[in-house]
Amino acid sequence: MTQDAFAFLANRQSYPSKALQAPAPDRTALEPILQAALRVPDHGNLQPWRLVVGYRKALSAWADIGEARAKALGDDPVRIEKGRGQFDRSHCAVVVIGSPKPADKVPEIEQTLSAGALCLNLVNAATAAGWGAQWLTGWVSHDRAFITRAFGCAPQEWVAGIVHIGTKGAPAPDRPRPDLAQVVTWE
Ligand SMILES: Cc1cc2nc3c(=O)[nH]c(=O)nc-3n(C[C@H](O)[C@H](O)[C@H](O)COP(=O)(O)O)c2cc1C
């Protein structure tokens, strides 16, 4: 048993992106985190995902696109703020894009699951490396016009998550965790 690895998994938690601070991992620090995260189950080795890393310049551009898109949709100020907020506050965001590949033997749902697994792997790898990380989506992630303009998504692509990574501030309280008896049946 690898005690340290098990202890990490048994106690892992996200860190709230609103409380993340600078510095964020630079490219040298982030590359091994991405490499570790990409060791993700992937039926058929299709690589049905890609990553877009954004630092301040890109984050500001994404915030502007979010605001412009919300205004074009006639959204209220709360949604306009949500369109920019996560990017304005962030120092580093890794966008996990589901990029399904044609495959006879691998249904698209399995490619979708691999993209979700990549998001969690990324949160875990960044956390294990000592950073704080949180997986967000928000309306921007599900808005076709936004993801096309901001991340260059092709029509079949979609956003699985926007993982914000930075330096942790004050310790964050954990949230209630599932009760085994509620979710597990033993046959
Ligand atoms: C697909 C997905 C999308 C999420 N989007 C958001 C979001 O937009 N805003 C938010 O506050 N939390 C969001 N969350 C939840 C955060 O990731 C939250 O930090 C997480 O539930 C904490 O769990 P953990 O400590 O077990 O990692 C999302 C979670 C998932 C799985």
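Q: What does the accessible surface of the chain come to?
A: About 10800 Å², and carbon and sulfur atoms hold 57% of that. Areas are from the Shrake-Rupley method with a 1.4 Å probe; for residues, only the protein chains shown count as cover. This is a predicted model, where local features need pLDDT of at least 70 and side-chain atom pairs count only at pLDDT 80 or more, while totals for chains, interfaces and linings use all residues. Residues are numbered from 1 along each chain as its sequence is written, and side-chain values use heavy atoms, with hydrogens and water left out.

Q: How many of the residues count as buried?
A: 40% of the 187 residues, where buried means under 20% relative accessible area (1.4 Å probe, protein chains only).

Q: Switching to the ligand, which residues are around it?
A: Arg12, Gln13, Ser14, Gln134, Trp135, Leu136, Thr137, Gly138, Arg175 and Arg177, each with a heavy atom within 4 Å of the ligand.

Q: Which N or O atoms lie 2.7 Å and 3.3 Å from ligand oxygen atoms?
A: A backbone N or O atom of tryptophan 135 is at 2.7 Å, and one of glycine 138 is at 3.3 Å.

Q: And the side chain of glutamine 134?
A: One of its N or O atoms is 2.8 Å from an oxygen atom of the ligand. The cut-off for a polar contact is a pair of N or O atoms within 3.5 Å.

Q: How much of the ligand does the protein bury?
A: 58% of the 640 Å² that the ligand exposes when taken alone.

Methods: A polar contact is a pair of N or O atoms within 3.5 Å; within protein, one must be able to donate a hydrogen and the other to accept it, and residues adjacent in sequence count only if both atoms are side-chain atoms. Buried means under 20% relative accessible area, exposed over 50%, partly exposed in between (1.4 Å probe, protein chains only).
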